[in-house]
Amino acid sequence: MSFASDCKAELCKIENRRSCCLKAECYGLLLFSKCFSLREARMICENAAVAHRLAEAAAVSAHVYAEVRTQQRRRGAGAFSISIPDAEARMRMIASFGHTGREVSLRIREENFKKDCCVASFLRGVFLVCGTVTDPHKEYHLEFSTPHLHLAEDLAALLQRVPAAQLAPAVTRRKNGYMVYIKESSAIEDFLTLIGAVNSAMELMQIKMYKETYNNLNRVSNCETANLDKTYSAASRQIAAIALISDKVGLDALPEDLREAALLRLHNPEMSLREMSGRLSISRSGVNHRLRRILEFAETLGTPEAEAAAQRAEKAEE
């Protein structure tokens, strides 16, 4: 099962003990379904628990019968078709929530929420019937879809006013309707907790913590690797310079402090500046200064004056 399916399965186990909350959830389930119409329409649902909860909502809220039938889809996955075949029953159901079915634009009627707890129940119903949440291993994304623009805008406004959570929903146009979505992981956690999917919210938080820890460790590892690469690159240049000096004029041509640093680097190419400073009993900047002077000394060996000095040194040795 997917993360969204597990979340909805958890929500379908919740019992509304207050009649006001039961009506509010029924309102959310029906209003955002295709069944909320004077014309007979069918809604296709892949989740068996949600399909039966929608049928129960119709029976409880307006005492109307909702027909649930199983369907076989192209890829072999099971699905359920929900409809209210009786025209009078559809009118009675719509009227029970203060609608006429002839509205120019379908809107949320907030008089169906008697208390603050009813808003959470309503949002639970909305999420069950038209919402989904992406697996947090992949990304943080929660959305609701509806073919009605003003219904989408009303839902976004309602989400923004929820006092128990800091939600920042956005509305966008889709091919077959409109989408209200939330991208922030903390806001998704708050929403799932609000509607009663506590276990799913906890799972999301655990996945988020794991991803943050992994990313932090990965950043540290990359930083250490970059530092090592930088150290080895610098050390290779220094060793090449020391080898050039040794071949051209010999290390004895260096001042004593530079010769000491050159020999230490030559025999310890992997040693960091911090470790070298401990061995030489000077500061890290002092080590860096000595190595830089060695590089500068090696650069001068390619000049005519350096070549002449090297030839004189060879003749003196002979």
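Here is a friendly chat about aromatic rings and a charged patch in this predicted model.

Colleague: How many aromatic pairs does a search of the whole structure find?

Modeller: Two rings count as a pair if their centres lie within 6.5 Å. Searching the whole structure in this way gives a total of 9 aromatic pairs.

Colleague: How are the rings of phenylalanine 127 and phenylalanine 144 arranged: stacked or edge-to-face?

Modeller: Their centres are 6.3 Å apart, and their planes meet at 80°. Planes over 60 degrees apart count as edge-to-face. So the pair of phenylalanine 127 and phenylalanine 144 is edge-to-face.

Colleague: Which parts does that pair tie together?

Modeller: Phenylalanine 127 belongs to a helix and phenylalanine 144 to a strand, and these parts are 17 residues apart in sequence. The pair therefore ties helix α5 (residues 116-130) to strand β5 (residues 142-146).

Colleague: Is phenylalanine 127 buried or exposed?

Modeller: Buried means under 20% relative accessible area. Phenylalanine 127 has a value of 0%, so phenylalanine 127 is buried.

Colleague: Which helix holds phenylalanine 191, the partner of phenylalanine 144 in an aromatic pair?

Modeller: Phenylalanine 144 and phenylalanine 191 are 5.6 Å apart, centre to centre, with 80° between the planes. Phenylalanine 144 sits in strand β5, so this pair links parts 47 residues apart in sequence. The helix with phenylalanine 191 is α7 (residues 185-195).

Colleague: And the charged patch: is arginine 18 buried or partly exposed?

Modeller: Arginine 18 forms a positive surface patch with Lys23, Lys114 and Lys115, and lies in the loop between α1 (3-11) and α2 (19-31). The relative accessible area of arginine 18 is 46%, so arginine 18 is partly exposed.

Note on methods. Residues numbered from 1 in each chain as written. Predicted model: local features only at pLDDT ≥ 70, side-chain atom pairs only at ≥ 80, totals over all residues. Heavy atoms only, no water. Patch = residues over 30% accessible without salt bridge, like charges linked within 9 Å, V, L, I, M, F, W, Y side chains within 5 Å. Areas by Shrake-Rupley, 256 points an atom, 1.4 Å probe, with all protein chains shown as cover. Salt bridge = Lys/Arg side-chain N within 4 Å of Asp/Glu carboxyl O. Lys, Arg positive; Asp, Glu negative; His and termini not counted. Charge placed at Lys NZ, Arg CZ, Asp CG, Glu CD. Helix = DSSP H or I, 4+ residues; strand = E, 2+ residues; numbered from the N terminus. Buried < 20%, exposed > 50% of the residue type's maximum accessible area, 1.4 Å probe, protein only. Phe/Tyr/Trp six-rings, centres within 6.5 Å; stacked < 30°, edge-to-face > 60°.
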